[in-house]
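Reader: Before I rely on the labels attached to this model, I would like to hear on what grounds each of them rests. Could you take them up in turn?

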Amino acid sequence: MNQFATMPAADAGAALYSSELSAADFREISELVRSMVGIQLTEAKQGLVKSRLQKRLRRLGMTQFSQYVAFIKTAEGAGEVEELISAISTNVTAFNREPHHFEHFRENVIPLLAKKIHSREPVRIWSAGCSNGSEPYTIACAVLDAIPNAGDHDFHILATDIDKYSLATGKQGIYTEEMVSKMPSEKAKSWFQKTDQGYEVHPKARKLVSFKTLNLMTSWPIKRKYDAIFCRNVMIYFCAEDQARIISQFANHLYPGAFLYIGHSERVLGPAAEKFVSAGATTYQYDPKKVST
Ligand SMILES: C[S@@+](CC[C@H](N)C(=O)[O-])C[C@H]1O[C@@H](n2cnc3c(N)ncnc32)[C@H](O)[C@@H]1O
């Protein structure tokens, strides 16, 4: 137990009203977050960071941000760094978000995947920065709509994120009616079953998706290539250099002709950008033989 845990919650809560996040403490927090997970926190985010971390201070019985900053630098505070990153990361997502990607995927990719299945080749899709699972399950439902027996084949969707709470929601696979209402069709919605807890992902869709912790800023324990990578609304928080490095790593993990889907305000950057051909809005096809112009 840490040294602050004994402070009565009510006292801590009252004292928090006077707790300020100084520029120096904000700099330390933002530098730690940037170095660990790449998320850049500009000065404009100081108020947001303060409000998101206040709950953590309250939980730890701390009254000052300076105590919190000192704590996360100790060996005892190592576990708190994970909570800090979880509190700071933006996990906004939705089923069928940016629907044009799934339309492209249904029309152009799924028929190719069906052929691969037919010739007994493995199929791999990666949702990098998957948040609560809405993105990988939208992919899974699109696949099952067209290939209901996909799960009987070597067909896997890898769903990765840094946020353990989002990953836990994905693994649990239970969502609200409102969330599921965003699915593109009644057929796609039928992959959710109403239960007392909410709308549960059908076992066939669940079987296709594996949730894993993976920080895009560290070396990836991934050797294989993918038929499609979705990395949407994740790199927007990273600096251009980190984005370019990740794009180049994605290129190394895509089969020639495979597709990369990125968020609406992102773009492919850096030297590897030359190896991608635009295939629609924020949709790119990997073409390693492309001759630069
Ligand atoms: C805004 S959500 C986007 C979710 C989904 N891709 C979508 O477009 O709906 C961004 C996600 O990226 C994750 N993320 C941020 N930095 C990351 C990193 N370094 N490695 C892996 N995931 C990261 C966050 O935890 C969050 O769940």
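Author: Domain bounds here come from an automatic or database domain assignment. On that basis the protein chain is divided into domain 1 (9-88) and domain 2 (99-286), and the C-alpha centres of domain 1 and domain 2 lie 32 Å apart. This is a predicted model, in which local features need pLDDT of at least 70 and side-chain atom pairs count only at pLDDT 80 or more, while totals for chains, interfaces and linings use all residues. Residues are numbered from 1 along each chain as its sequence is written.

Reader: What makes a residue part of the contact, and how many residues does each domain give?

Author: Two residues are in contact if their C-beta atoms, placed from the backbone, lie within 7 Å. The contact between the two domains takes 7 residues from domain 1 and 11 residues from domain 2. On the side of domain 1 that touches domain 2, helix H5 (residues 78-88) gives the most, with 3 residues; helices (H or I, at least four residues) and strands (E, at least two) are DSSP runs, numbered from the N terminus.

Reader: Why is serine 66 called partly exposed?

Author: A residue is buried if 20 or more other C-beta atoms lie within 10 Å of its own, exposed if 12 or fewer, and partly exposed in between. Serine 66 has 16 C-beta neighbours inside 10 Å, and therefore counts as partly exposed. Serine 66 is found in helix H4, and its C-alpha atom is separated by 7.8 Å from that of leucine 21, 45 residues apart along the chain.

Reader: Which residues of helix H4 are buried, and how do you know on which side of H4 they lie?

Author: The buried residues of helix H4 (residues 65-72) are Phe65, Tyr68 and Val69. They cover an arc of only 95° around the axis, the arc being that of the directions from the helix axis to the C-beta atoms, and therefore they lie on the same side of H4. An α-helix has 3.6 residues a turn, so residues three or four places apart point the same way. The buried residues of H4 pack against helix H2 (23-37) and helix H3 (46-60).
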